[in-house]
Amino acid sequence: MAFFIVAFAIMLAGCSSGQSTNTVAPVPTTPAGTAPAEATAPATPTQEATAPAATEKATITKSEFEQIENGMSLGEVKKIVGGEGELLAEVGKKGEEGHTIVYMYKGEGAIGANANFSFQGGILQVKSQIGLQ
């Protein structure tokens, strides 16, 4: 649970200056006695260099961000944005209650523009953005 709080704080810190839009839905807590898993490490530069062009990270516009609503699946978000974002954090194991992932998409707009999405159990719980145009 502590790792989720830290990951959530990091996600919000990336969106803490300038204009931002935050949408928060209630997030169930992890059952007592369960320990969060370690964060999944991003791909190494060697892996990224050999990956096909189809795996390039998508960017997001403010219009796309506004189409995304809490309760959507990761697949629905990817379809709207047009591809994969960058996995920032993962807590728990896929399929377990409380499994939470946070994705970040680089934004189109101001320098540093981005959007963050937190999914629990595969469902969007929190979205935030800064600088999207």
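Modeller: Helices are DSSP runs of H or I with at least four residues, strands are DSSP runs of E with at least two, and both are numbered from the N terminus. Phenylalanine 65 has its place in one such run, helix α3. This is a predicted model, in which local features need pLDDT of at least 70, side-chain atom pairs count only at pLDDT 80 or more, and totals for chains, interfaces and linings use all residues. Residues are numbered from 1 along each chain as its sequence is written, and side-chain values use heavy atoms, with hydrogens and water left out.

Colleague: How many helices and strands does the protein have, and in what order do the elements run?

Modeller: There are four helices and six strands. Read from the N terminus, the order is α-β-α-β-α-α-β-β-β-β.

Colleague: What makes phenylalanine 65 count as buried or exposed?

Modeller: A residue is buried under 20% relative accessible area, exposed over 50%, and partly exposed in between, with a 1.4 Å probe and protein chains only. The relative accessible area of phenylalanine 65 is 2%, and therefore this residue is buried. Over the protein, 35% of the 133 residues count as buried.

Colleague: Why is methionine 72 called buried, while glycine 71 is called partly exposed?

Modeller: Both residues are found in the loop between α3 and α4. Methionine 72 has 17% relative accessibility and so counts as buried, whereas glycine 71, at 46%, falls in the partly exposed class.

Colleague: Which residues does methionine 72 touch, and which does glycine 71 contact?

Modeller: Contact means heavy atoms within 4.5 Å. Not counting residues up to four places away in sequence, methionine 72 touches Gln67, Val77, Ile80, Phe119, Gly122, Ile123 and Leu124. With neighbours within four places likewise left aside, glycine 71 is in contact with Ile123 and Leu124. The C-alpha atoms of glycine 71 and leucine 124 are 5.0 Å apart, across 53 residues of chain.

Colleague: What makes glutamine 133 count as buried or exposed?

Modeller: Glutamine 133, found in the segment after β6, has 64% relative accessibility and therefore counts as exposed. Leaving aside neighbours within four places in sequence, glutamine 133 still has contacts, namely Thr61, Lys62, Glu108, Gly109 and Ala110.

Colleague: How many salt bridges does the whole structure hold, and what makes the pair of glutamate 84 and lysine 78 a salt bridge?

Modeller: The search finds one. Side chains of opposite charge can pair when their charged atoms come close. The definition asks for a side-chain nitrogen of Lys or Arg within 4 Å of a carboxyl oxygen of Asp or Glu. The closest N and O atoms of glutamate 84 and lysine 78 are 2.9 Å apart, and therefore the pair qualifies. At relative accessible areas of 27% for glutamate 84 and 26% for lysine 78, each is partly exposed.

Colleague: How do you know that glutamate 64 has no salt bridge?

Modeller: Lys and Arg count as positive and Asp and Glu as negative, while His and the chain ends are not counted. Glutamate 64 lies in helix α3 and is buried, and its nearest side chain of opposite charge, lysine 127, is 12 Å away. The side chain of glutamate 64 does reach the backbone nitrogen of threonine 61 at 2.9 Å. A polar contact is a pair of N or O atoms within 3.5 Å; within protein, one must be able to donate a hydrogen and the other to accept it, and residues adjacent in sequence count only if both atoms are side-chain atoms.

Colleague: What makes a group of residues a nonpolar core, and how many residues has the largest one?

Modeller: Such a core is a set of buried Ala, Val, Leu, Ile, Met, Phe, Trp, Tyr and Cys residues joined through side-chain atoms within 4.5 Å. The largest has 17 residues, and Ile60, Ile68, Val77, Val81, Tyr105, Phe117 and Phe119 have the most contacts inside it. Two or more residues come from each of α4, β4, β5 and β6, with β5 giving the largest share, four residues.
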